[in-house]
Amino acid sequence: MFTHPLAPHHTALPIGLGALTGPPNYPTDTFPFHPGDLLLLYTDGVTEARNTHGTFYPLTERAPAWTHHTPHHLLQQLRQDLLTHTNGRLTDDAAAVAIRRLPPHPHTPDPNGM
């Protein structure tokens with residue numbers, strides 16, 4: 001399966017801190033999300049988790065092996081692998097959400113009327 005890390009076109013302060021520089025004006029980026037695609041969202045606690053040698057968790061190397069799983073199973077694999085990498089010791093909060101876009105149901109009307 002193909003995996004592609006999304007790179008934002010704009011940067012901004014973290015959510016909740018945007019008002020530090022005046023009224024928040026968050027730019028919006030869009031990306032295609034096709035039926036069958038899997039989107040993995042995660043916090044820096046995942047990518048910045050370190051093992052006993054100080055090596056960061058290699059999410060971009062490990063996640064492609066799990067893209068054929070259900071979102072639930074992918075998250076289970078990620079959690080177990082992350083805890084194994086850190087010897088069960090996370091020093092920051094880590095959160096992840098996996099979402100798969102399903103194909104349209106054959107009996108669902110097309111929202112575009114086609």
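This briefing describes the fold, the surface and several individual residues of one protein chain. The model is predicted. The protein chain contains three helices and two strands, and these elements follow the order β-α-α-α-β from the N terminus on. The radius of gyration is 18 Å, well over the 13 Å that the globule rule gives for 114 residues, so the protein chain is more spread out than a compact globule.

**Overall dimensions and contacts**

- Along the principal axes, the C-alpha atoms of the protein chain fill a box of roughly 55 × 45 × 20 Å.
- Of the contacts in the protein chain with a separation of 6 or more, 60% are between residues 24 or more positions apart.
- Buried residues account for 17% of the 114 residues in the protein chain.

**Surface and charge**

- The protein chain exposes about 8,900 Å², and 59% of this area is supplied by carbon and sulfur atoms.
- There are 6 positive and 9 negative side chains in the protein chain. The centres of these two sets lie 9 Å apart.

**Helix α3: Asp 81 and Arg 79**

- Helix α3 spans residues 71–85 and includes Asp 81; Arg 79 lies in helix α3 as well.
- Asp 81 has a relative accessible area of 18%. Buried means under 20% relative accessible area, so Asp 81 counts as buried.
- The side chain of Asp 81 makes a polar contact with the side chain of Arg 62, at 2.7 Å.
- With neighbours within four places in sequence left aside, Asp 81 is in contact with Tyr 57, Arg 62 and Trp 66.
- Arg 79 has a relative accessible area of 56% and is exposed, whereas Asp 81 is buried.
- Arg 79 and Ala 94 are separated by 15 residues in sequence, and their C-alpha atoms are 9.2 Å apart in space.

**The loop between α1 and α2: Asn 51**

- Asn 51 is placed in the loop between α1 (44–47) and α2 (59–62).
- A polar atom of the Asn 51 side chain lies 2.9 Å from the backbone nitrogen of His 53.
- Leaving aside neighbours within four places in sequence, Asn 51 is in contact with His 85 and Thr 86.

**The loop between α3 and β2: Asn 87**

- Asn 87 belongs to the loop between α3 and β2, the latter being residues 96–100.
- Phi of Asn 87 is near 55 degrees, which is a positive value in a residue other than glycine.
- The relative accessible area of Asn 87 is 52%. Exposed means over 50%, so Asn 87 falls in the exposed class.

**The segment before β1: Tyr 26**

- Tyr 26 is located in the segment before β1, a strand that comprises residues 38–42.
- At 38% relative accessibility, Tyr 26 counts as partly exposed.
- Tyr 26 and Gln 80 are 54 residues apart in sequence, with a C-alpha to C-alpha distance of 34 Å in space.

Conventions:
Residues are numbered from 1 along each chain as its sequence is written. This is a predicted model: local features need pLDDT of at least 70, side-chain atom pairs count only at pLDDT 80 or more; totals for chains, interfaces and linings use all residues. Side-chain values use heavy atoms; hydrogens and water are left out. Helices (H or I, at least four residues) and strands (E, at least two) are DSSP runs, numbered from the N terminus. The radius of gyration is taken over C-alpha atoms; the globule rule is 2.2 Å times the number of residues to the power 0.38. Buried means under 20% relative accessible area, exposed over 50%, partly exposed in between (1.4 Å probe, protein chains only). Contact means heavy atoms within 4.5 Å. Accessible areas come from the Shrake-Rupley method with a 1.4 Å probe; for residues, only the protein chains shown count as cover. Lys and Arg count as positive and Asp and Glu as negative; His and the chain ends are not counted. The place of a charge is taken as NZ of Lys, CZ of Arg, CG of Asp or CD of Glu. A polar contact is a pair of N or O atoms within 3.5 Å; within protein, one must be able to donate a hydrogen and the other to accept it, and residues adjacent in sequence count only if both atoms are side-chain atoms.
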